[in-house]
Amino acid sequence: MSRSDDVLKVHRLAHTGGSAALLEWLAGRLGGWAGVVDAEEGRGPESAVRGVAEMNARGVRSAILHGAGSATLLFALDGGRALAAVLSRPHHPEASTLLADAAVPLALVLRAEEAARREARAALAESRAREAVLHLLMNGRLSTARQIAEALGPTLPEPMRMYVVECRTGQRGEVTRRCEELTGGRAWIVRCPVYVRHLIVLVPADLAAASADHDPLAGALVEVAPDCAVGASGEMCLREAPAAYTQAFHALAVARGRDERHARFGPGPELALAAHGAGADWAEALLAPLHAYEPRRPQDPGAQELRATAHAWLNFTSHATRLLKIHRNTLAARLRLVETLLGLDLAHLGDQAALSLALRLTPGARPGVGAAAAAASDLDEVLRDPRLTAWARAHLRPLTGPDAPSGARATVRTWLAHDAQLVPAAAALGVSVPGARKRLTRVEALLERSLLQSPSARHDLWLAHRAEELAR
């Protein structure tokens, strides 16, 4: 090959294959070792590392070191590095020329690769920071969430509607761009840390549609891809972000079955609002041991962290590890500690439902609050309150309405009796597991709530059934 052919090959490899492909070709072309050597890192053949240090000390741009049976050729790059080749003697006569021709394009491609890595690290840092804001919102730490969001931009909208957009992972960038266009950059967008196909979008209330039947933003996002679906919450303030997310997630379960592929959270009484008057003291009393907990070691989780762990697990079960960025064994150990502190068995749906309600009725870990009300009431006394009875009947009414399929109520009752576990529930119903799943999917459409995918309405359903039983 002529020098012009070599130069053309060098530029083509630098453009298409990057530094690794170029260095691999140089090694093969010269019949030896070729690489980039940094004297500070000290990686590479000893003669090359020593030669680069000598070049930097003397301020020269190229050098050849002769050893016993080998020669080390060096051409300076930026940052104190050098393109080096260690070749057997006698080496190829054009080796120095080829390395000199390759040094400039190699230096350029190395800069481009370093810039790409910096950009990737910056994007990852922003993504993690946005996840942190979402985590703070979900745990009621609004001041810190606002400060971080202000630095990232835009500001967190209030009041707002929350949208959960489901799409393929390769389409999230296009959905994000479309959403920014439609909202003039005012929407606050974060990739869901639990479900890789989901984007969570907080939209200023004045930009979101006022009508559930006409939502131009959701409709435009759905048009990005045919399998895209969007669920939207009602209008809420930032401190209600956990409820807004749950609403949007339930609406998404409804949207998947609609032709228009988007839905607004259906009307209905909120459990936390109905239960607040009757259950606030009970909730504080139940959680008092958790709120008063002080870890024995500085590295152990405190009360606020245990609350966040319990809340994440109740919403996302085993997927909570993705949200909390912890190992599954760490999650299991924290949940055992929560069970011990509160005297609950979280394998049982009833205890899960009690903890879920208590967490929603209390603003956060406040040591000492609730201890005086330790014997004020139990959950059944709370659920006997007329406001809870009315909520339960409204919540369960779709299961017995004219549109309800035969046996819908019995299916839900059996599923709840088996701690919302599909396999034993299917056996008790005398149907296959896919058959039980289809029945519950139809119930999802009736209730306009997600049952089979977390966050699930299983806790609210259990509480509604228990309240109705007590009323009878």
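Start with the second largest pocket, about 470 Å³ in volume. A pocket here is an open set of points on a 1 Å grid over the protein atoms alone, with protein on both sides within 12 Å along at least five of seven lines; lining residues have an atom within 4 Å of a point. Volume is the space filled by probe spheres set on the points, which are joined across faces, edges and corners.

This is a predicted model, where local features need pLDDT of at least 70 and side-chain atom pairs 80 or more, while totals for chains, interfaces and linings use all residues. Numbering runs from 1 along each chain as its sequence is written, and side-chain values use heavy atoms, leaving out hydrogens and water.

Now select Ser127, Arg130, Ile189, Val190 and Arg191, the closest to the centre among the 21 lining residues of this second pocket. Show helix 4 too: six lining residues, the largest share, come from there.

Next, stay on helix 4 (95–138) and go to the largest pocket, to whose lining this helix supplies at least two residues. The volume there is about 1100 Å³. Pick Pro242, Ala243, Ala272, Leu359 and Arg360, the closest to its centre of 40 lining residues.

Last stop: the one cavity of 30 Å³ or more in the whole structure. A cavity is a set of points where a 1.4 Å probe fits but cannot get out. Select Met138, Tyr245, Asn315, Phe316 and Leu323, nearest its centre of 16 lining residues. Helix 10 gives the largest share of the lining, five residues.

Notes:
Helix = DSSP H or I, 4+ residues; strand = E, 2+ residues; numbered from the N terminus.
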